[in-house]
Every structure is written in C-alpha cells, then in structure tokens.
Amino acid sequence: MLDSLTSNHSALAGGKAVNLGEMLRAGLPVPPGFVISTDAYRAAVAEQNLDPSIQEILSQTSLDDADQLERAAVQIQALFQAVRIPAELREEITEAYFSLGKDVSVAVRSSSTAEDLPGFSFAGQYDSFLNVAGIPDLLDRIVRCWASLWNPRALSYRIRQGIGNDDLAHGVVVQKLVAADTSGILFTANPLNGRRDQLLLNASWGMGEAVVSGEVNPDQWVIDRESGRIVESRIARKEQMTIRRKDGISHVEVPVDRQEVASLSEEEISQLRALALTADQHFGEPQDIEWACEGGSLYLVQSRPVTSLYPVPETEPGRPGVRIYINVNSYSQAMQEPFTPIGEDLIRMAVRRVRKDLGPRKIPQNSLWYFKTAGGRFFMDITPFLRRERFWKKFRTPDSTDKDPITTMALLQYLEANRHEVLRYKERVSFIKVANPRLLWFLLNALREGLRGKRNARAARTRAIAAGDTALADIRRACESARTYEEKLDFIREQIGAVFMAGAGTLFGIAPSAGYIARVRRLMERHLGDRADLDLVEKAVPHSVTTSMGMELMQLAEHYDTTNCQPNAEDREIREFLDRYGHKKSIELDPGTPTWAEEPGYVLDLVRSYMENGRYRQAKADFARNSRMGEEAIDRICRRLLDAGKPRVAKKVRKLLHDFREMFGAREQSKFVITQGLQLIRNSLHDIGGELHRAGRLDQSDDVFFLRMDDLTSHSDLRQAVAENREAYIRNGRLKAPRLLTSTGEAIHSARMESDRDGVLCGVPVSPGMHEGRVRILHTPEEGRDLQKDEVLVTTGTNPAWTPLFLKVGALIMEWGGPISHGSVVAREYGLPAVAGVAGATRRLADGQRVRVDGQNGEVVILGD
C-alpha cells in the first residue's frame with residue numbers, strides 16, 4: 001500500500017509512488033491506494049522476452065529523427081499487447097483493489113524509476129487513466145501504463161534530457177479517484193520568475209485533466225509564502241472542464257454563470273497554502289503539487305520537485321534584505337555554458353590567489369563572500385553598491401562597451417521597480433579595507449603604463465605584447481620544471497593566479513584606448529552636431545591577434561582550394577596553425593574543456609566552409625579596403641573640425657583616433673595570453689589524470705576534469721565523484737542562466753524592451769528566453785512531419801503527444817494553457833522560449849512569417865515575411 005512507501009523504495013515503486021508515500025507519512029491528505037512494483041513490470045517483460053526485441057528496435061532507430069522515433073515507439077508498444085498479468089499478481093491486485101471499496105473508481109498512473117527525479121519532472125510523458133472501475137479494466141490499464149514507458153513523447157523526452165533507455169522499469173499507482181469539483185496545481189515556488197518567497201496557484205472547475213493538458217485557461221493566484229497575502233490574482237474565463245462519466249471522463253462546457261467566477265474561496269486558498277508548505281518542508285525543496293477538492297475536502301494527488309528553478313546562492317549571515325547577484329559569465333564574457341567542476345574550482349582559486357597577492361597581509365577568512373557560484377556559473381553580489389542610489393548612475397552611464405547592455409538595462413528596471421526594498425538597508429562599501437602597499441604599487445604601475453600609452457601608442461602596444469610573452473615564459477618554465485604528481489599540483493595552485501595576472505598585465509598601457517571613441521563622439525556632437533564617419537574608424541582595426549588568426553584561416557582555405565585538396569588534421573599547414581592557435585576553444589576560460597589542438601574538427605570545418613563559399617577570395621581585399629576607409633574617415637572628421645574653426649580639437653581628435661587604431665586591436669592579446677596559460681594548466685591536469693587512471697582511480701584520464709582540486713589530494717577511488725559531478729554538470733548545462741538573480745530566487749533573463757505595439761501580440765510568459773524564427777502553425781502533432789529546425793511552433797495548445805516536436809522547434813506560442821500546462825512545463829525544461837494565452841495566434845500569424853518570441857515578458861513581435 002502507498003502508506004508503507006518511503007524514499008528508500010524508489011527502485012521498487014518509482015518516483016511518483018514514493019512521493020505519495022512520503023506525503024502520507026507527513027500526514028497530508030492523499031487518497032488511499034497501492035502500487036504495482038517495478039519488479040512486476042520486469043517479470044512481465046521477461047516472461048514475454050520483450051527486452052531483446054525492444055533493444056533491437058531501438059538499435060535500428062535514429063533517435064534524433066522524430067518520424068523514426070514514432071515508428072519505433074509504435075512497434076515497441078505493440079509488443080505489450082501480448083502481455084498478460086500472471087495469475088498470482090492478478091490475485092494480489094484484486095485483493096488490494098477491493099480493500100479500497102467494492103468496484104470503486106480509481107485513477108491508474110505510471111510511476112517510472114526515472115520519473116520525478118532531481119532535474120527531471122517527466123510531466124505528462126507517461127499515460128494516466130481516470131475513473132477506472134472493475135478488475136478487467138484495471139488490469140488492462142496497468143498493462144497500458146507499462147507500455148507508455150515506450151511512447152513517443154517519453155522516448156523523445158529521455159533523449160532530450162540525456163537519459164538512457166537501459167534498465168528502465170515502471171511501477172503503477174492505483175488510487176481511489178477524487179471526482180473533483182475543483183482542481184489544479186500549486187507550486188511552492190513561483191516557476192515563472194523563480195521566487196522562493198511566492199507560491200503559484202492555478203485552479204479550474206472539475207477534475208484536473210483539463211488544467212494539466214492546457215485545455216482551459218485556469219484561474220491564477222500568486223501568494224506571498226510567509227504571510228499568505230495574495231500578491232496577484234487573475235480570474236480567467238473557464239469554458240471547459242473535465243467531469244466523471246459512467247465509462248470514463250469527458251470534457252464538457254462550463255455553465256455560463258460559472259465561467260468567470262473564481263473557482264476557489266479565500267479560505268480554500270489558505271488551506272491549500274498550508275498543505276503545500278507542509279509538503280515543501282517535508283521534501284526539503286520546492287514542489288509541484290496536483291490537488292483536488294471534492295465535497296469541500298482537499299486532497300493532494302501528486303507531488304514532484306520543481307525542475308525548472310535556477311539554484312540560488314547562499315545568503316551571507318548578517319546581510320539582511322534582498323540580495324542582487326549579477327551573472328559574471330554572461331555580463332563580462334557572454335558565456336552561457338556552465339564551468340566544468342575543475343574549471344569552476346580553478347577560477348575560484350585564481351580569484352583567491354589574486355586577492356592574496358594584492359590584498360593586505362591579514363585577510364578575513366570569508367573575504368570573497370560576494371563571489372558566488374550557482375548552476376556552474378559565477379555570480380557577484382553587488383548589493384552593497386546598490387544600497388545607495390548615487391551608485392546607480394554607474395550603470396546608467398557605463399564606461400565600458402564590452403559588457404552586456406541588456407544586463408544593465410534589466411538591473412536598472414529592477415532597481416526602479418523595487419526601489420524601497422533595495423534602499424531599505426544600508427551597507428558600507430569601504431575601499432580602505434583592501435588598500436595595502438602591494439595593491440597600491442600594482443595600481444600605480446597600471447597608471448604609469450596608462451600614461452605612457454597616452455604619450456606613445458605604438459610603444460605601449462609593443463610593451464603590452466612583450467609583457468604577456470615574458471609572463472608566459474615564466475609560467476611555461478614553472479610548468480616544465482614540475483615533474484612529479486605533487487609538483488604538478490603545486491604548479492597549478494601557484495600559477496593559476498599568475499595566468500590571469502599575465503593577461504591583465506597586457507592591458508595597462510593600451511587600456512586608455514577603450515574610451516577614445518566615446519571621447520571623440522562627445523567632441524563631434526558638441527562641435528559638429530553629429531558623429532558621421534566615426535563608426536568607420538572602428539572597422540578593420542589592426543594589430544589584433546584574433547583578426548590575424550582569421551586571416552590565416554582564409555589563407556588555409558585558399559591553399560587547399562587552389563591545390564584541390566581537403567584539409568586534414570595531420571597536414572603540416574594545419575599543425576602549424578594549431579601550434580599558434582591550438583590553445584583556443586569555444587569556452588575559453590574553462591580549463592576543463594578541450595582545445596582546438598585536442599579536437600581540431602572545428603578548425604577543419606571552418607576551412608571547408610570558407611572553401612565552399614569562396615569567402616577567402618575577398619577577405620584580404622575587404623580587410624585592406626576597410627582599413628583604408630578607417631584612415632580616410634579620420635581625415636574627413638578632422639577636416640570638418642578644421643572647417644568649423646576648431647584646429648586644436650581637430651589635432652586632439654586625430655591623435656585620439658590614430659592611437660585608438662594603434663592600440664585597440666591589442667586588447668585581444670590579454671585573452672590570448674590567458675588561454676595559453678590555461679592550456680599549460682590543462683596539460684598538467686591531463687598528466688595528473690593519466691596517473692590517476694593508471695592507478696585505477698579513474699576510468700579514463702579526461703575524467704580528471706570532472707573532479708575538484710581537493711579530490712586530487714585524496715587517496716580514495718574517484719570514479720563515483722566523477723559520475724556525480726558529470727551528472728551535475730550536464731544538469732547545469734540544461735539550465736538557462738539568468739542575467740540577474742536575487743536571494744528570493746527571482747531570475748531575470750532579459751530587460752523589458754520598448755516596441756511598436758501594433759506589431760506585438762501579448763500573452764502569458766511561461767518560459768523565459770528570446771528566439772527569432774519563422775512561424776509554423778499546427779493544429780495536430782501529426783501535421784508536424786515537415787516542421788523545420790528552429791521554427792516557431794504556433795498552436796492552440798499542446799498535450800504530451802506534441803513532445804517529440806519539441807526536439808525541432810526554437811520557440812512555442814500557444815493560444816490556450818497556463819504556466820503549468822504541458823507545453824509550458826516541457827518548454828521550461830527544454831529551455832525553449834514560450835508564450836501562452838496569445839489570443840487568436842493561429843489566425844493572426846501566418847506560416848513563414850518571422851517573429852521574435854520573448855518568453856520573459858510574454859510578447860510575440862512580428863518582424864515581417
């Protein structure tokens with residue numbers, strides 16, 4: 001029976017059943033029931049010898065092809081038509097069923113071993129059957145639940161989430177049916193914005209099927225978790241509801257006089273809040289709870305973890321009020337991916353090392369309290385700077401153009417909307433505490449180099465490159481001298497900070513050039529009234545190592561195209577290129593990810609694409625032309641200033657713009673130096689991983705990148721730690737990291753953008769993100785055979801049968817459904833931007849039309865044909 005299950009029975013009963021048992025243990029009102037164990041499923045599969053046939057079908061199926069997946073699922077499910085439940089098990093099911101009452105109506109639901117796990121909700125992926133009565137029908141529905149383990153939506157969901165199809169099993173939950181007058185979903189954290197201090201409640205008339213399937217727009221309340229105060233409420237027009245019939249369930253029209261009436265009273269909302277908080281406290285994490293109300297009695301019929309919430313950093317003791325964290329990865333690096341475990345550890349170690357080298361001799365133990373990690377990304381607690389409004393102007397007029405402007409816009413919007421809460425507390429920001437002779441000397445040296453750069457740009461650029469080369473040579477010598485396991489560990493600890501300091505050292509002399517364009521812009525607007533030609537000055541800036549690398553790729557394409565050969569990683573030309581640039585990679589600052597030298601496929605593909613499109617033929621000429629246009633633009637700007645009677649301003653502008661072009665390209669040298677240093681760190685980690693592999697503590701040497709530095713000094717078997725860290729890394733990769741995060745859990749993914757309201761369709765934001773693509777209107781999932789990758793799916797609403805199509809689409813627009821309907825839940829888990837409740841979307845949009853879907857603000861912007 002359900003009341004005998006605990007969390008220790010997951011493998012035997014499946015996730016759904018275990019959670020119901022845990023709720024009963026917590027004293028929550030859960031309808032009585034029982035579970036058919038996963039052993040029964042395995043026994044039935046073994047008795048019919050189905051597993052070899054299942055694996056054979058899967059082995060012949062391309063799992064990223066929706067059509068083949070559909071055929072495979074149909075074939076596998078057909079195998080279950082021959083399954084008959086053994087007599088002994090039938091007797092046990094009959095006895096358990098009659099213990100609930102004579103011919104009582106029950107709900108039959110799947111309970112998989114891969115269901116309701118951390119990071120995976122499996123919402124709606126398996127089959128459920130309501131209002132089942134009598135033993136023959138019950139036995140039939142149990143087998144159909146077993147078969148649903150292999151339906152198309154469940155198969156595609158597992159593929160998307162990286163879950164294998166081996167060793168899966170299905171339990172089946174049988175519960176006394178609640179013939180609900182009202183039902184819905186209650187989240188114990190708000191999944192729309194991530195706030196842990198809010199509950200999100202949806203409700204509608206009848207049984208819960210219409211709400212979960214998205215066939216009705218439910219009533220919605222946002223509730224303050226602590227006080228129970230209703231923060232927001234929306235009473236929807238509820239036209240459909242699910243009711244119990246003699247032979248099952250049926251969707252019927254809601255009586256007109258009830259369609260716009262609130263489906264819950266304030267007292268019922270309060271009771272649901274109390275039950276939900278009890279469940280939340282019992283499970284120790286936010287829950288997604290299905291509930292039902294029959295005859296004035298409330299029941300909880302299901303609970304699963306909320307899988308779409310972004311993790312929140314721990315708040316430091318003694319720092320009251322809301323905390324605001326800025327995503328360092330995206331704000332300064334445009335990096336969306338998480339760090340590997342070793343990469344995350346090494347970046348934190350580098351920050352600590354620099355803090356130690358430049359900080360006072362006595363450093364508080366928690367001196368980096370503001371440097372946080374969440375979901376594999378780094379966040380900075382910038383709250384102390386925001387407690388005084390005068391600091392806000394720093395974000396209103398940013399002095400740097402290399403940071404994400406949407407982040408600053410979103411931050412300012414948040415500050416204005418939450419002014420009272422942000423300014424409520426005061427925090428001192430003291431720079432005196434970090435002042436010390438080493439830091440002052442460092443800053444003085446940076447200032448001196450900056451002044452020298454202002455006087456002689458060419459000399460500053462030369463010194464910057466030389467400084468990086470010198471620092472790298474020192475790090476390389478330290479790397480080569482580290483021969484033993486312990487010496488390599490010491491090298492990593494001691495030099496990781498030096499790698500980043502080496503990159504910083506290349507910027508001192510050329511740093512002033514970052515502001516030269518802005519200074520000229522102001523001078524031009526003041527004296528000429530415009531800034532014509534200024535944008536041309538920024539074209540084809542010389543002395544950039546990144547530009548040089550691109551030109552070399554073009555030269556490689558020219559070489560292979562003219563010799564009628566295809567590039568190969570073993571070619572001398574490719575090896576020479578990788579000798580210079582092989583330390584580069586797509587995730588540059590993570591030592592845990594492979595470089596081009598290790599995986600040259602990306603470089604080879606680039607060369608081939610340049611060969612195919614012939615881009616190399618124009619590249620050199622385009623660069624020369626753009627460079628010439630930049631110099632000519634300087635002449636025109638200065639000539640206009642002379643004509644305006646501003647000779648001194650013209651002279652100043654000429655120097656600023658020439659110095660900009662002389663120095664600004666060298667800014668790429670910093671990252672170039674850092675990535676070379678990180679390659680040396682990675683090489684040492686490779687060596688350490690090799691030793692651990694030879695010692696039998698790792699399955700392969702590359703597993704070292706899924707460990708942490710402390711693991712490398714232990715003497716235990718590290719394979720379990722690798723498995724856990726790899727799983728967490730994959731899970732982090734599925735999370736859509738917000739630009740800003742607060743201590744309440746509010747995740748801010750974008751700023752609200754002003755737009756032409758005539759070209760905007762509004763709805764309910766249900767899954768954050770932004771995507772531009774062409775519209776594809778579908779009324780049934782069967783129409784989706786020709787759906788193209790990254791198209792925007794527009795439909796009236798979705799149910800679990802649509803899930804395989806989610807492998808292709810770039811965004812989702814629905815006319816019906818709320819934040820907890822199937823499409824919304826799966827879209828959030830897949831990271832697809834989605835907007836629901838867009839009235840008349842299938843009529844107002846047309847196939848092939850380009851739109852921008854803003855899932856953060858609930859807007860669909862029509863871009864044209």
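Q: Two strands pair if DSSP finds at least two bridges between them; why are β11 and β12 called paired?
A: They count as paired because the rule asks for at least two bridges and 8 bridges join β11 to β12, which run antiparallel. One of the bridges has Glu290 with Gln302 in β12 as its partner. The two strands form a hairpin with 2 residues between them, and Gly295 in the turn has a positive phi of about 60 degrees. The model is a predicted one, in which local features need pLDDT of at least 70 and side-chain atom pairs count only at pLDDT 80 or more, while totals for chains, interfaces and linings use all residues. Residues are numbered from 1 along each chain as its sequence is written, and side-chain values use heavy atoms, with hydrogens and water left out.

Q: What makes β8 and β12 edge strands?
A: The open sheet has 6 strands in the order β8-β7-β6-β5-β11-β12, with antiparallel pairing. Strands β8 (230-234) and β12 (297-305) each pair on one side only. Strands here are DSSP runs of E with at least two residues, and helices are runs of H or I with at least four, both numbered from the N terminus. From one strand to the next, the twist averages 15 degrees. Such angles run from 0 to 180 degrees between N-to-C directions of lines fitted to C-alpha atoms, for helices over the stretch in contact.

Q: How do you know that strands β5 and β6 pair?
A: Strand β5 (residues 182-187) and strand β6 (residues 198-205) share 6 bridges in the antiparallel sense, and the rule requires at least two.

Q: Why is the Arg304 and Asp288 pair called a salt bridge, and what does the pair tie together?
A: The term requires a side-chain nitrogen of Lys or Arg within 4 Å of a carboxyl oxygen of Asp or Glu, and the side chains of Arg304 and Asp288 meet at 3.3 Å, N to O. Arg304 lies in strand β12 and Asp288 in strand β11, so the pair ties together parts that are 16 residues apart in sequence. Both residues are buried, which means under 20% relative accessible area, with exposed meaning over 50% and partly exposed in between (1.4 Å probe, protein chains only). Strand β12 itself is mostly covered, with 7 of its 9 residues buried.

Q: Why do Arg353 and Asp357 count as partly exposed?
A: Arg353 has 27% relative accessibility and Asp357 has 35%, so both values fall between the 20% and 50% limits.

Q: What makes Glu662 and Arg461 a salt bridge?
A: Their closest N and O atoms are 2.4 Å apart, within the 4 Å limit. The pair links distant parts of the chain, with Glu662 in helix α26 (residues 647-663) and Arg461 in helix α18 (residues 457-481), 201 residues apart. Glu662 and Arg461 are both buried.

Q: How many salt bridges does the whole structure hold?
A: The search finds 51 salt bridges. A network of salt bridges links Arg319, Arg323, Asp381, Arg387 and Glu427.

Q: Why are β1 and β3 said to stand at the edges?
A: A second open sheet has 4 strands in the order β1-β4-β2-β3, paired antiparallel. Strands β1 (33-36) and β3 (128-132) each have a single partner strand, so one side of each is left without a neighbour in the sheet. Neighbouring strands of this sheet are turned by 20 degrees against each other on average, direction ignored. Strand β1 pairs with strand β4 (residues 170-176) in the antiparallel sense over 4 bridges, and Phe34 stands opposite Val174 in β4.

Q: Why does Gln333 count as partly exposed?
A: Its relative accessibility is 34%, so the value lies between 20% and 50%. Gln333 is in helix α11 (residues 328-333). Apart from its neighbours within four places in sequence, Gln333 is in contact with Val328, Leu589 and Lys671.

Conventions: Contact means heavy atoms within 4.5 Å.
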